[in-house]
Every structure is written in structure tokens, then in C-alpha cells.
Amino acid sequence: MQTTIAQKAQFRGVGLHSGAAVRLTILPAPADHGIVFLRTDLGRARIPARWDHVTPSQLCTLLDNGLGATVSTVEHVMAALSGTGINNAVVEVNGPEVPILDGSSAPFVQGILEAGLRQQPDAPLRAIRVLREVEVQQGEAFARLSPADRLEIHFDIDFADAAIGHQEKRLDMANGSFVHELMDSRTFCRQADVVKMQQNGLALGGTYLNAVVIDGDKVLSPGGLRHRDEAVRHKMLDAVGDLALAGAPLLARYTGHRAGHAMTNRLLRALFAQPEAWEWVTLTPAMESRLPGAGVLAAAAHLVPHTRQLAVA
């Protein structure tokens, strides 16, 4: 069955790159609606959360409706929606950027679970099943989708900075894995890059409290890391959010090596450009149990306590 949020969940914060105050509200939507952003400051301009509405941008995922309305940094809220199994929702935002909150998906997940989930029993859930391997590359980096009976993520990164270094992780995304393993991992950057970004008008809302800032072997953010391998976990979180722009759950194995937002979108475009590489399937209860939202209510008992104060305005 398809699922929506039971009642509205509201969030307030600032945009990571713009630094502007922003309010975001997730609302229930009917079956077969999908995820759609509405820019309330632009007369409720409608922006579908779909791979073919992604436009090139720096350091985040940006959606464009083709009529002048955009919304950026959507990956964390999209990951939260996917990770809690929500298929249909209206996401109202009163500015051009989603609030960064604590730099992870945890506040969004907490807000969604506090609002509750509502199944839509007369609406069968369909998924996109990958039938053959599709890959995109850029230099040493690559992203790949391979056939699998559930969503699996395998990611590895390699940074010269000793605080990160080489990190690798694999996850079966069923059974609340997103909530257990990924949702609280924050975006990260180098201290030297922060200065450059701000000189170029980016990261104006970034602080040590909404990003993991590193300098060589040092973690400058108060409290240090939430996980020893928080960096690769966050890259996996981003991948979950960017893959959610497929428009339906994916039954596939995603492999990312030094991949980012743009490469994951290129991968989706490559997949959908090959009709023989994928198919629609209507899910049975057994197949639904393998999706990222399956088991999420049980996993909710293990939510990180400190995210509660950030979740709902």
C-alpha cells in the first residue's frame, strides 16, 4: 500500500547556502500524488520531486519546474521521506532552499514520525525494478545500479584528510536501516573549503552546529563525530535522497565510488534512457517488507534523543 504522512509536520531553520530563514511544512497528499514541493512565496508554484526536474548546481540537489521556480538542498528531506516509507506528500517551503536544521535527516525523520504515517489501502504500491546494470563515470568516480530484490547501498570515499581517510559501508536498506544507521549523519566539509564557499556566496548559513567541519586530522565541530565513519554514512544518506527522485521505490543495488549528487542524477537519467534496463512492478506484501520504510516504526525507538528539539517547530 502507498503511504502518506498522517498530519502536517513543520520545520524552521536557515538555508545552508543562502543563510536565509525558511519554513518547511510536510502535508498529507492523496494516492498516486508523489512528492511535490510548493513554493508558497511564489504563489504555490509546483515543483515535482523527480529526476527529470533536477538541474545542475553546486554542492546540493536543486529542482526546477521549468517555469522559473526552484528549490535546492532537497536531498535530506527526500531521504527522510524515503527512509520512513512516505510515497505521497506535499512539501511547502517559503523560500528557495530547504532548511539545513542539524545537517542530517534526523530532525525531518523525527518530525515525520511524530506526525504519524497513514497507509492508503486502496492504492497499490509500485516500484521500479532494475533489470540490468547501468553505470556512469567521471574520472575515478562512478555510480552504478545493479539488479537486486531490495534497495542496497554500497559506498566508499577516500579523502586525504586524516579525520576522514578511506571509508566504506554496505547496507540493506530494509528493516529501518535508514533510521538505525544513516539518518543522523551530518554533511561535512573542510575548514579551508568553508572560506572559499563563503567568498563565492555559498555556505552562508553553515555553522559548526549544522555541519561536520574538519581540518586535517581535527574535527572542529563541538562534540566531534556521531559515528566514526559519519562521512561515508552521510554520503549514503545523500544517495538515498537523490535516488528517491526516481519517483518510486527502487529495487536495485546502488554502488557509489567518490560519487555525489550530480553523478547520482546522471545515473537515474542513464537508467530511464534505457527502457530495457528497468520495469514497473506492483509490490506484494513480501516485496514491501524489503523497502526502506519497512520496519521504521520499530526502529523509531532508537532515534537519537538530541534530534527531538530540532524536529518540529
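This short talk walks through selected helices, strands and loops of one protein model.

Good morning. The structure is a predicted model, in which local features need pLDDT of at least 70 and side-chain atom pairs count only at pLDDT 80 or more, while totals for chains, interfaces and linings use all residues. Residues are numbered from 1 along each chain as its sequence is written, and side-chain values use heavy atoms, with hydrogens and water left out.

Let me begin with the helices. Helices here are DSSP runs of H or I with at least four residues, strands are runs of E with at least two, and both are numbered from the N terminus. Helix 2 (106-115) is largely enclosed by the rest of the structure, because nine of its 10 residues are buried. Buried means under 20% relative accessible area, exposed means over 50%, and partly exposed lies in between, with a 1.4 Å probe and protein chains only. The buried residues of helix 2 are A106, P107, F108, V109, Q110, G111, I112, L113 and A115. Just after helix 2, G116 takes a positive phi of about 95°.

Helix 5, residues 230-243, has 14 residues, of which 13 are buried.

S105 is buried, with a relative accessible area of 0%. Which residues does S105 contact, leaving aside its neighbours within four places in sequence? They are H76, A79, A80, F178, M183 and L237, where contact means heavy atoms within 4.5 Å. L101 is also found in the loop between strand 9 and helix 2. L101 is buried at 13% relative accessible area, and its phi is near 50°, a positive value in a residue other than glycine.

Most residues other than glycine have a negative phi. N175 is another residue other than glycine with a positive phi, near 60°. N175 lies in the loop between strand 15 (166-172) and helix 3 (177-182). Is N175 buried or exposed? At 54% relative accessibility, N175 counts as exposed.

Now to the strands. Two strands pair if DSSP finds at least two bridges between them. An open sheet of three strands has the order 6-7-8, with antiparallel pairing. Strand 6 (54-55) and strand 8 (70-72) are the edge strands, each pairing on one side only. Strand 7, residues 62-64, is joined to strand 8 by three bridges, and D64 stands opposite T70 in strand 8.

Elsewhere, strand 16 (residues 188-190) and strand 17 (residues 212-215) pair in the parallel sense over three bridges. The chain crosses from strand 16 through helix 4 (residues 191-199) to strand 17, and this β-α-β crossover is right-handed. Right-handed means that, with the strands pointing away from the viewer, the path from the first strand over the helix to the second runs clockwise.

Strand 17 also pairs with strand 18 (residues 218-219), in the antiparallel sense and over two bridges. I214 has a partner in each neighbouring strand: R190 is its bridge partner, and V219 in strand 18 stands opposite I214. Strands 17 and 18 form a hairpin with two residues between them, and G216 in the turn has a positive phi of about 65°. Thank you.

How values were computed:
Expected span 1.5 Å × (residues − 1).
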